[in-house]
Amino acid sequence: MPMVIRWDEKYRFVAESREHQVIIDQPVKGGGTNLGMSPVELFIASLGGCVVYYAAHYMERNHIPAQGLRVEADWGFEKNPYRVSKIKTIIHLPPGFPDEKHAQLLVVCKGCTIHHTLTHEPVLEYEIRQG
């Protein structure tokens with residue numbers, strides 16, 4: 001599934017996939033224009049988006065209203081090498097979500113594609129081409 005990320009200006013880039021575009025940028029203090037999320041923020045948003053999608057899908061299949069559902073994500077860094085070292089997601093359930101379904105929902109959310117990608121290290125390949 002191809003995606004193109006192209007330079008736009010200084011530290012601002014545009015990611016294009018299918019008919020969608022996402023601006024990737026740095027905060028002003030990092031030399032950017034702050035018109036979009038940073039690559040790390042998008043990485044965390046990918047996990048949070050995957051988790052909330054799986055939760056909403058579970059709720060739809062179980063006829064539970066999803067209004068008010070949200071996921072909060074936080075992360076920490078480590079050095080040598082500099083990387084995201086911890087990600088915490090909190091699934092905020094809508095009022096009336098049955099207590100007896102909490103454990104099953106957590107299993108479903110941990111089955112999201114991004115979670116599996118992070119827990120089963122993917123092969124990363126890089127290639128350089130001129131032009």
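Helix axes are lines fitted to C-alpha atoms over the stretch in contact, and angles run from 0 to 180 degrees between N-to-C directions. Helices (H or I, at least four residues) and strands (E, at least two) are DSSP runs, numbered from the N terminus. The structure is a predicted model, in which local features need pLDDT of at least 70 and side-chain atom pairs count only at pLDDT 80 or more, while totals for chains, interfaces and linings use all residues. Residues are numbered from 1 along each chain as its sequence is written, and side-chain values use heavy atoms, with hydrogens and water left out.

Two packed helices are described by the angle between their axes and the distance between the axes. Here, helix 1 (residues 39–61) and helix 2 (residues 102–109) have axes that come within 9 Å and cross at roughly 130 degrees. Helix 1 is therefore oblique to helix 2; angles under 35 degrees count as roughly parallel, over 145 as roughly antiparallel, 65 to 115 as roughly perpendicular and the rest as oblique. The crossing of helix 1 and helix 2 is right-handed, a term used if the near helix is turned clockwise from the far one by less than a right angle, with anticlockwise giving left-handed. On the side of helix 1, the contact (heavy atoms within 4.5 Å) is made by Val 51, Tyr 54, Ala 55 and Tyr 58, and helix 2 contributes Gln 104, Leu 105, Val 108 and Cys 109. By class, the residues of this contact divide into 7 nonpolar, 1 polar and no charged. In this scheme Ala, Val, Leu, Ile, Met, Phe, Trp, Tyr, Cys and Pro count as nonpolar, Asp, Glu, Lys and Arg as charged, and the others, Gly among them, as polar.

A pair of aromatic rings is described by the distance of the centres and the angle of the planes. Rings of Phe, Tyr and Trp (its six-membered ring) pair if their centres lie within 6.5 Å; planes under 30 degrees apart count as stacked, over 60 as edge-to-face and the rest as tilted. By this rule there are 2 aromatic pairs. Tyr 53 and Tyr 54 form an edge-to-face pair, 5.6 Å centre to centre with 80 degrees between the planes. Phe 77 and Tyr 82 form a stacked pair, 5.0 Å centre to centre with 10 degrees between the planes. Accessibility is described as buried (under 20% relative accessible area), exposed (over 50%) or partly exposed (in between), using a 1.4 Å probe and protein chains only. Tyr 54 is partly exposed because its relative accessible area is 24%. Phe 77, at 39%, likewise counts as partly exposed, whereas Tyr 82 is exposed at 59%.

Some backbone details also deserve a look. Most residues other than glycine have a negative phi, and most peptide bonds are trans. Asn 80 and Pro 81 are joined by a cis peptide bond, with omega about 0 degrees. Pro 81 belongs to the loop between strand 4 (70–78) and strand 5 (83–92) and is exposed, at 55% relative accessibility. From Pro 81 to Ser 46, 35 residues apart along the chain, the C-alpha separation is 22 Å. Although not a glycine, Arg 18 has a positive phi of about 50 degrees. Arg 18 sits in the loop between strand 2 and strand 3 (20–24) and counts as exposed at 65%. His 63, also not a glycine, has a positive phi of about 55 degrees. The loop between helix 1 and strand 4 holds His 63, which is exposed at 75%.

Individual residues complete the picture. Lys 10 lies in the loop between strand 1 (4–9) and strand 2 (12–17) and is exposed, with 53% relative accessibility. The C-alpha atoms of Lys 10 and Gln 26, 16 residues apart along the chain, are 9.7 Å from each other. Ser 17, in strand 2, is buried at 18%. Not counting residues up to four places away in sequence, Ser 17 touches Pro 2 and Met 3. Ile 114 lies in helix 3 (residues 113–119) and is partly exposed at 27%. Leaving aside neighbours within four places in sequence, Ile 114 is in contact with Ser 46, Leu 47 and Cys 50. Ile 114 and Tyr 126, 12 residues apart in sequence, are 20 Å apart from C-alpha to C-alpha.
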